[in-house]
Amino acid sequence: MRRKHALTRVGTVVAVLGLASVACTDAGRHGQVSPAPLVPPAAISSRTIAPSDRTGGTLRVAATTDCDSWDPQRTSAVRCWNQQRWISRQLVTYSVGAGVAKLAGDLATDVPTSKDLRTWTYTIRAGLAFEDGTPITSKDIKYGIERAFATDVITGGPGEVVKLLADDNAPYPGPYNDPDPDRLGLASVMTPDDLTITFRLNRPFADWNLVMASPVSTPVPRAHDTGAAYGARPVASGPYKIENYRPGESITLVRNPSWSPKSDPNRSAFPDRVVERMGLTAADIDNRILTDQVDVAAAQTGVGAQAAARIVANPSLRADRTIEAPTGILRYLAVVTRTAPFGNIHCRAAVAWALDRQAQQSARGGPIIGGDIAGTMLTPPVRYYSWFDLFPSPGGTGDLSRARAELAACGQPAGFATTLVTGPDPLDAAQAEALRVSLARVGITVTVSVVDDPQYPAAVIGTPDRAHAMNYGLILTARQGDRPAPYAFLSPLADGREIRPQHNLNLAELDQPAINADLDRAIQTVDEDDAAGIWTALDRAVVASGAYIPLLYDRALNVYSDRLTNIRYSSAFMMVDLTSLGVVP
C-alpha cells in the first residue's frame with residue numbers, strides 16, 4: 001500500500017483527536033450511552049479554497065520519496081499519475097472541478113463510446129506538439145502503448161492495457177523487439193491516419209476510457225525513447241517540461257513553450273515553475289507548510305500528530321487551509337477461506353458480527369483522522385458506491401448474540417483460535433489489538449503476528465502457500481484502486497480466477513462462481529443504471545460471503561500554505577488536483 005507508511009506518524013494523535021470517540025465507546029460498553037446506528041459517511045465536498053486565475057510564481061512541493069517513475073508507462077502510483085499531468089497528456093483525462101470524477105477529452109477531442117465495448121476510436125486534436133515542436137500523432141500514442149508490452153524493459157505500470165490488447169495466438173514482444181520497420185506492429189491498435197487511433201480489445205471492457213486516462217496512453221516519440229532510462233528525462237506533452245531532475249532529491253519543471261492552453265481545457269498551469277523537493281521527513285513537511293515555506297505535500301496522506309493538534313486548536317486555520325477528505329483507501333479484514341475453520345461461512349460471519357468497528361476507528365485516532373466506519377467494500381469516491389451495512393449494530397460496536405449464534409451454526413459454540421497477521425505500522429498494531437479484544441468477547445482467541453519485512457505484502461500475505469504454512473486465518477490490511485471505478489477495486493480482491501501463487505491480491509482466496517460471473521457481466525454492461533445495480537449487488541455479495549470484512553474508509557486531513565490558490569479535492573485521484581493549483585507570487 002503506497003499511502004501506508006506515512007500514516008505511522010499519527011499514532012499519538014489519539015490523545016489529541018480521539019478522546020471523544022474513545023470516551024463515547026467506553027461509555028457505551030458500560031451502558032451509560034446508547035450508541036447511535038451507523039450512518040453513511042458525509043458527502044464529498046465540492047468547494048474550492050482560494051479560487052483565483054492569477055498566473056506566475058513558483059509552486060513549492062515537498063515529498064518524503066520520489067515518484068516510483070517519471071516514465072509514463074512505468075508509473076503505477078496514483079499520486080504520481082496526478083503529478084504526471086504536469087508534464088504529460090493522455091488520450092482522455094479528468095475534467096476540472098471538485099466532486100464527482102468526470103472524464104474529458106485530452107489529446108483526444110472528446111470521450112468516445114463503444115457499442116460492443118471492444119472497439120474504441122479516438123480523434124486526436126490537431127496542432128499538438130512535443131516540447132521540441134515535433135507534432136504529436138496517433139503513432140506516438142500507439143508507440144507509448146506498445147512500450148507497456150516490453151515487460152523486460154518497462155517494468156511496473158498498470159498491466160490491464162496489456163491484458164486487454166494482447167493476442168494469445170500472436171504475442172507482441174514490445175517495440176524494442178518489433179520486426180515491423182516502424183516498430184508499430186501491435187495489431188490490436190490501428191492508426192489509419194495521424195489524427196485517428198482505434199483499439200480493438202480482446203474482450204468487452206466498459207472501463208477502457210478510464211484506462212486511457214492513466215499515463216499509459218501518454219505519447220512517446222520513438223526517436224527520444226531511451227528504454228529503461230526514459231524516466232530520467234521524458235519528453236513533455238503537457239504544460240511543463242523538466243528543467244532539472246535529481247532522482248530522490250528534487251525535480252524542477254518550467255513552462256513547455258510548445259504547449260497551448262487553448263488546446264488543453266483541463267490544466268490551468270498557473271505557476272511559472274514547479275519545484276519539488278524529496279527526501280524530507282513527514283513532520284518536516286507539515287511544519288514547512290504551516291510556516292508557508294512549502295505549499296503542498298505531494299503525497300496528500302494527511303498531517304501528523306503535532307500538526308493535527310495545531311490545526312484542531314485553530315478553527316480559522318482548519319477552515320481556510322485544510323481539506324479533510326477520503327483517500328479512497330479501504331481498511332479491511334481478509335478472512336482466509338482456505339484456513340480452518342474459515343471454510344465455513346458461519347465461522348466467518350461470527351467474526352463479522354463480533355467485530356467492534358468503532359474500536360477500529362478509535363485505534364487509528366478517532367473520526368477526524370481515523371476514517372469513517374465502513375459497511376461496504378466499495379468506498380467513496382468510487383463510482384457506484386452505495387451505502388449498506390449487512391452486519392449492523394449500535395454504533396458499529398458488534399452484535400455478540402448474533403456472533404454466538406453463528407459460532408453455534410459453524411460447530412464452534414465455545415469459539416476457536418486463529419492467527420491474525422499484520423505489518424509493523426503502529427496504527428495497524430493498534431487495530432490488531434482492538435480486533436483481538438473484540439473477538440475475545442465471544443471466545444474467538446486471536447494470536448497477533450506482526451511481520452516486519454519490507455517484502456511483507458508480496459512475500460508473506462501475497463503468497464498463499466506461505467500464508468497457509470503459517471496458518472494465517474485473518475489478514476489486516478488496506479487497499480486503494482488505481483482508478484475511481486469498482487472493477488479496479490473489487491476484481492483483484494474477489495475474482496477467484498485471479499488467485500495467484502505470488503503477488504496475490506485475493507487474500508481471502510474467495511472463489512464463488514456467481515461473483516466471478518457477475519464481475520464479467522458488470523464490466524460488460526453499458527447502461528449506467530444496470531451497471532450500478534450489478535455493482536451494488538456484487539459489493540453486497542462479497543461482504544455477505546464473510547471473506548472480506550470492511551472496517552474503515554480512510555480519510556486524510558491535509559494542510560496547504562497561505563499562498564496556495566485553487567485548492568480542490570479530486571475524486572479521480574483521491575487527493576487535491578495538482579494541475580489546478582496556483583500561487584500568489
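**View A. Residues joining helices α7 and α8.** In α7, Asp286, Asn287 and Leu290 meet Ala307, Arg310 and Ile311 of α8. Sorted by class, this contact of α7 with α8 holds three nonpolar, one polar and two charged residues. The model shown here and in the other views is predicted. Helix α7 covers residues 282-290 and helix α8 residues 305-312; their axes come within 9 Å and cross at roughly 30°. Since angles under 35 degrees count as roughly parallel, α7 is therefore roughly parallel to α8.

**View B. The open sheet of six strands.** The strand order is β13-β17-β12-β16-β14-β15, and the pairing is mixed. The edges are taken by β13 (372-373) and β15 (445-450); each has a single partner strand, so one side of each lacks a neighbour in the sheet.

**View C. Strands β12 and β16 with helix α17.** Strand β12 (residues 322-335) and strand β16 (residues 472-479) run antiparallel and are joined by six bridges. Tyr332 has Thr477 in β16 as its bridge partner. Helix α17 (residues 486-494) packs on the sheet and touches β12, β16 and β17 (548-559). The direction of α17 makes about 165° with that of β16.

**View D. Packing of helices α17 and α19.** Helix α19 spans residues 528-544 and packs against α17 at an angle of about 30°, the axes being 12 Å apart. The two helices, α17 and α19, are therefore roughly parallel to each other. Their crossing is left-handed. Pro486, Tyr487, Leu490 and Ala494 of α17 make the contact with Trp535, Asp539 and Val542 of α19. By class, the contact of α17 with α19 has six nonpolar residues, no polar ones and one charged.

Key:
Residues are numbered from 1 along each chain as its sequence is written. This is a predicted model: local features need pLDDT of at least 70, side-chain atom pairs count only at pLDDT 80 or more; totals for chains, interfaces and linings use all residues. Side-chain values use heavy atoms; hydrogens and water are left out. Axes are lines fitted to C-alpha atoms, for helices over the stretch in contact, and angles run from 0 to 180 degrees between N-to-C directions. Helices (H or I, at least four residues) and strands (E, at least two) are DSSP runs, numbered from the N terminus. Angles under 35 degrees count as roughly parallel, over 145 as roughly antiparallel, 65 to 115 as roughly perpendicular and the rest as oblique. Contact means heavy atoms within 4.5 Å. Ala, Val, Leu, Ile, Met, Phe, Trp, Tyr, Cys and Pro count as nonpolar, Asp, Glu, Lys and Arg as charged, and the others, Gly among them, as polar. Two strands pair if DSSP finds at least two bridges between them. A crossing is left-handed if the near helix is turned anticlockwise from the far one by less than a right angle, and right-handed if clockwise.
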